[in-house]
Amino acid sequence: MSLFRRKQQKQLQSFEQLNGETVAEDFSVREKKTCTDPYLQHAWVSVCIDILTRNVARAEYEVRKNGTVERETPLANLFRFPNKNLSRFDLWKQTCVWWSLDGEAFWWFGENYVCGIPTEIFILNPRYMQHVVDGGKITKWVYTEEGSGRPLMILPDEVIHFKDWNPWNVYRGVSPLVSLGLEVEQDLLAAKQNTGLLKEGGVPKGLLKTDQVLTEAEAELLARTWDRKYGRGMKNRVAVLGKGTEYQPLTFSPDVLKLYDMKKWNLYTLLAKYGIPPRVANIQDSKSSLSGTDTDSQHRAFWNYTLIPLLKNFEEVLEVQLFRRFNLPETGVFNLDSIPELQESEDAQSNRDIAEINAGLKTINDVLRKRGENTKPWGDTWFRASSLVPVEQSQ
């Protein structure tokens, strides 16, 4: 099924009967598209998704109970070792990839699951999932992996479904690329046209013009002679033209040059859709600042306005579909303390501590304890900055 299986203007569903129940599949009108798999065919779609996934996996997911991090409990080990072939990094990377491509991701508890807290997690391909609806609710999922031919029946209690809001199908997620279909198609067509210009058979670099009447054999001989002497790989050679022969160079048409502006516009549209600042994608606009401060601020903004909301979304889905479903006392959060982009520099932190000490919001020992350093005997007393007189003695 094509990645662009949803269309903005219409909500289409196909139905077939399976054991007397309705199986609904969300899909788009089967149009002949140049780009059928953006992650494979479009370089910047792949780059954007890779940037998201490798950064999401940097955040450590922790299971906590009463504010204390659990390490060796069954639930904590479930997220550390989802199954024998899947690491905790791959768990979140693959979840993020499917979310970024199709707007949904499925965790399955495995064939051996019976009830209670699961012991394994498997990532399923959303494109092979169909939902069975009865009375306005999903009663089961049908997973038919390509090539297997055997549908697997999965109960709703055996999966965790991450999905982005879909205005055309309340049961499924929607791809973030659904509104960028034309931009992705344009980029691919422009890339193919540019590739054609670089290969043989593209627009020639120039014309040999003559006022003489040439036979077909003479024309071919002239072309072969010119190509042998002054063709590819033959630079800075002196060309000697015969009587009445003129060389006229050709340039790209303005329409071809506009393709580069269009591709640049589409690139920034794609970055904006995925919430990736240009510097995070190693793109340097000639008009933008070259300072390290600008780069740091963009990396910080990427976390604050893109990754953290995404991680919070994942946290809330698990809170509802795992912790509350099984009435667990634990909760799960992403620990961002080790993310350098979210940490203040030492100078900035020192200036903030000094300002808060001067304002009476902290004592020196408060700062030392936070830094893990030894406290001072006099550090719990606040001194007024103007006169350096202890507060107790000034009253």
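The following legends describe close-up views of a predicted model.

**View 1. The largest cavity and its lining.** Three cavities of 30 Å³ or more are found in a search of the whole structure, and the largest has a volume of about 100 Å³. Its lining consists of Ala57, Ala59, Glu60, Tyr61, Phe79, Arg80, Arg88, Phe89 and Trp92. At least two lining residues come from each of strand S3 (60–65), helix H3 (74–80) and helix H4 (88–102). Helix H4 contributes the most, with three residues. By class, the lining of this largest cavity comprises six nonpolar and three charged residues, with no polar residue.

**View 2. The second largest cavity and its lining.** This cavity has a volume of about 40 Å³. The residues that line the second largest cavity are His42, Leu180, Glu183, Val184, Asp187, Asn266 and Leu270. Two or more of these lining residues are supplied by helix H5 (181–198) and by helix H7 (254–274). Helix H5 gives the most, with three residues. Three nonpolar, two polar and two charged residues make up the lining of the second largest cavity.

**View 3. The aromatic pair of Tyr61 and Phe79.** The structure holds 14 aromatic pairs. One of them joins Tyr61 and Phe79, whose ring centres lie 4.7 Å apart with an angle of 50 degrees between the planes, a tilted arrangement. The pair links distant parts of the chain, since Tyr61 lies in strand S3 and Phe79 in helix H3, 18 residues apart. Both Tyr61 and Phe79 are buried, and both belong to the lining of the largest cavity. Tyr61 and Phe79 are also members of one aromatic cluster, together with Trp92, Trp99, Trp107, Phe162, Phe314 and Phe334.

View 4. The buried residues of H4 are Leu91, Trp92, Thr95, Cys96, Val97, Trp98, Trp99, Ser100, Leu101 and Asp102. Just after H4, Gly103 adopts a positive phi of about 75 degrees.

**View 5. Helix H2.** Helix H2 (residues 43–56) has 14 residues, and the distance from its first C-alpha to its last is 20 Å, close to the 20 Å expected at 1.5 Å a residue. Its buried residues are Val45, Ser46, Cys48, Ile49, Ile51, Leu52, Thr53, Asn55 and Val56.

**View 6. Two buried cysteines, Cys48 and Cys96.** Cys48 counts as buried because its relative accessibility is 0%, and the cut-off for a buried residue is under 20%. Cys96 is also buried, because its relative accessible area is 0%. A disulfide is a covalent bond between the sulfur atoms of two cysteines. The structure holds zero disulfides.

View 7. Most residues other than glycine have a negative phi. Asn66, however, has a positive phi near 55 degrees. Asn66 is placed in the loop between S3 and strand S4 (68–69). Because its relative accessibility is 76%, Asn66 counts as exposed, the cut-off being over 50%. Asn282 also has a positive phi, near 60 degrees, and is placed in the loop between H7 and helix H8 (292–323). Asn282 is exposed, because its relative accessible area is 66%.

**View 8. Ser350 and Val367.** Ser350 is placed in helix H9 (residues 346–358). With a relative accessible area of 26%, Ser350 is partly exposed. Ser350 and Val367 are separated by 17 residues in sequence and by 9.4 Å in space, from C-alpha to C-alpha.

Note on methods. Residues numbered from 1 in each chain as written. Predicted model: local features only at pLDDT ≥ 70, side-chain atom pairs only at ≥ 80, totals over all residues. Heavy atoms only, no water. 1 Å grid on protein atoms, 1.4 Å probe; cavity = no way out; pocket = protein on both sides within 12 Å on 5 of 7 lines; lining within 4 Å. Points joined across faces, edges and corners; volume = space filled by probe spheres on them. Helix = DSSP H or I, 4+ residues; strand = E, 2+ residues; numbered from the N terminus. Nonpolar A, V, L, I, M, F, W, Y, C, P; charged D, E, K, R; others polar. Disulfide = S-S within 2.5 Å. Buried < 20%, exposed > 50% of the residue type's maximum accessible area, 1.4 Å probe, protein only. Phe/Tyr/Trp six-rings, centres within 6.5 Å; stacked < 30°, edge-to-face > 60°. Expected span 1.5 Å × (residues − 1).
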